[in-house]
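Thank you all for making the time this morning. I would like to walk through one structure with you, going from single residues out to the whole chain.

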Amino acid sequence: MVDKEITDMVTKQLETMGIEIHTSAKVTEITDEAVVYEEDGTEHKINTKIVLMSVGRGPRLDGIDTKKLGIKTERGAIITDEHMRTSIDSIYAIGDVNGKSMLAHTASAEGIVAVENICGIDSSMDYGIIPSAIYIEPEIASIGMTEEQAREKYGEVSVGKFPLMANGKAKASGEERGIVKVITDLKYGEILGAHLYCIHATDMIAEMAAAMKLEATAGEIAHTVHPHPTISETIMEAMHAAADGSAINF
Ligand SMILES: Cc1cc2nc3c(=O)[nH]c(=O)nc-3n(C[C@H](O)[C@H](O)[C@H](O)COP(=O)(O)OP(=O)(O)OC[C@H]3O[C@@H](n4cnc5c(N)ncnc54)[C@H](O)[C@@H]3O)c2cc1C
């Protein structure tokens, strides 16, 4: 889900810490002593006493008789429209059960949308601008399209980047790792995606969410005065890079 450039940076950082990473490997057995997995058609075994498993989640509809209610489902999730309505007009479904974006803040936003529609206010979800957070050190936060997705959809795009090591607050905080990266369209400067891999990333992504919600352009954010010294200046700088071809301080 994460922009490839950031995935590569994180991978490198983890490997520097001595962590071995195996992707496209299939775990076939976990015993008290070891993890057995297949990679490239060969079986491997790692002796270990501790395993942390993090294999994703799925909608859980136990106790909800969707068939009896006549609610349509797809791959184990309740089908909803952007107003959170199910296939039965008077029944709404929010949160993990609709399997759209299984995050706490999505569930909250969907709850508000559903209630507003129930109360007669036309309200809808925009799943393209839901931020996500990964609590690694430094943090990762993303919203919108990755560079790959944006290039696939728009062809040419503008990519603005700013490294944390060129930010004063990052230097003073002793946390200069990471990058802020924004992707914009060439025609209007519309923000298509933002990917932050840095200290305070999960807090700063809210600015990107607001900007995308308000359809702000990269130029508008670049010309929005950000306080100094703050990590948030990296966003302003990356927007300059996307809108004007280069950042101010890098
Ligand atoms: C380990 C873990 C870590 C996570 N970390 C994050 C995170 O950092 N950030 C983030 O955004 N999201 C995170 N999530 C996801 C987040 O918790 C869910 O997306 C969110 O809770 C979904 O809200 P919900 O209301 O759909 O479901 P839930 O929060 O699961 O609430 C559903 C409620 O319905 C009740 N219920 C179930 N069946 C019935 C029934 N038949 N009748 C009545 N009540 C019923 C349940 O008991 C429960 O109280 C995490 C999830 C897990 C498992």
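In which strand is the place of I140? This is a predicted model, and I ask you to keep that in mind throughout; in it, I140 sits in strand β7, which covers residues 139-144. If we set aside the neighbours within four places in sequence, the residues in contact with I140 are V2, I6, V10, S132, A133, I134, L196, Y197, A201 and T202. I would also point out V180, which is 40 residues from I140 in sequence, while the C-alpha atoms of the two lie 9.7 Å apart in space.

Let me turn to a second residue, S232, whose place is in the loop between α7, residues 218-222, and α8, residues 233-244. Is S232 buried or exposed? With a relative accessibility of 15%, S232 counts as buried, because that value falls under the 20% cut-off. Again leaving out the neighbours within four places in sequence, S232 is in contact with M204, H226 and P227.

Next, the pockets. The largest pocket holds about 880 Å³ of space, and its lining consists of 17 residues, among which H22, V27, L52, M53 and S54 lie nearest the centre.

Finally, the chain as a whole. The protein chain contains 8 helices and 10 strands, and its C-alpha atoms fill a box of roughly 60 × 60 × 35 Å when taken along the principal axes. When we consider contacts between residues at least 6 apart in sequence, 49% of them join residues that are at least 24 apart. The chain exposes about 14900 Å², and carbon and sulfur atoms supply 53% of that area.

How many positive and negative side chains does the protein chain have? There are 22 positive and 40 negative side chains, and the centres of these two sets lie 4 Å apart. I will stop there and take your comments.

Technical notes: Residues are numbered from 1 along each chain as its sequence is written. This is a predicted model: local features need pLDDT of at least 70, side-chain atom pairs count only at pLDDT 80 or more; totals for chains, interfaces and linings use all residues. Side-chain values use heavy atoms; hydrogens and water are left out. Helices (H or I, at least four residues) and strands (E, at least two) are DSSP runs, numbered from the N terminus. Contact means heavy atoms within 4.5 Å. Accessible areas come from the Shrake-Rupley method with a 1.4 Å probe; for residues, only the protein chains shown count as cover. Lys and Arg count as positive and Asp and Glu as negative; His and the chain ends are not counted. The place of a charge is taken as NZ of Lys, CZ of Arg, CG of Asp or CD of Glu. On a 1 Å grid over the protein atoms alone, a cavity is a set of points where a 1.4 Å probe fits but cannot get out, and a pocket is an open set with protein on both sides within 12 Å along at least five of seven lines; lining residues have an atom within 4 Å of a point. Grid points are joined across faces, edges and corners, and a volume is the space filled by probe spheres set on the points. Buried means under 20% relative accessible area, exposed over 50%, partly exposed in between (1.4 Å probe, protein chains only).
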